[in-house]
Amino acid sequence: MKPPRWLGKGTSTPMIPIVLGQIHYLAGSVCEPHNCGHSVHVLYAPAQKRAVAHYQTENGPAQWLGAPNPAEQKLLSELETANSPLQIKLDSHPKLPIIVD
């Protein structure tokens, strides 16, 4: 799937450093201007020059961008879920980077 047209003009969060296994990522999200029911959660691995994402709409099915592997899919899903283990870590203002097992 191609990224949504509004992605470069959306409202974004700061990127958070996360380590998953041996890979260092930057994680963040972007929502459509004036319509945050449409959002994209992104993982970027600078060393690999690779980005994957999860595009969620309020009424349609979610779609994966960039073919994330199962571990990346889990991490992206946790970024979207309010009470996930990752969100609980983020809410506690941990020392960065966040290490995910």
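This tour goes from strand to strand and ends at a disulfide. Keep in mind that the model is predicted.

**Stop one: strand S3.** Select residues 23-32, which make up strand S3.

Look for Ser12 here: Val30 in S3 stands opposite Ser12.

**Stop three: strand S2.** Next, select residues 16-20. This is S2, joined to S3 by five bridges, again in the antiparallel sense. Click on Ile18 and find its bridge partner in S3, Tyr25. Two residues lie between the strands in the hairpin of S2 and S3, where Gly21 takes a positive phi near 65°.

**Stop four: strand S4.** Select residues 35-45 to see S4, which pairs with S3 over seven bridges in the antiparallel sense. From Ser29, look across to its bridge partner in S4, His41. The hairpin of S3 and S4 also has two residues between the strands, and His34 takes a positive phi near 65° there.

**Last stop: the disulfide.** How many disulfides does a search of the whole structure find? The search finds one. Show the side chains of Cys31 and Cys36, whose sulfur atoms are 1.9 Å apart and form a disulfide. Cys31 counts as buried because its relative accessibility is 10%, while Cys36, at 52%, counts as exposed.

Conventions
Residues numbered from 1 in each chain as written. Predicted model: local features only at pLDDT ≥ 70, side-chain atom pairs only at ≥ 80, totals over all residues. Heavy atoms only, no water. Buried < 20%, exposed > 50% of the residue type's maximum accessible area, 1.4 Å probe, protein only. Helix = DSSP H or I, 4+ residues; strand = E, 2+ residues; numbered from the N terminus. Pairing = 2+ DSSP bridges. Disulfide = S-S within 2.5 Å.
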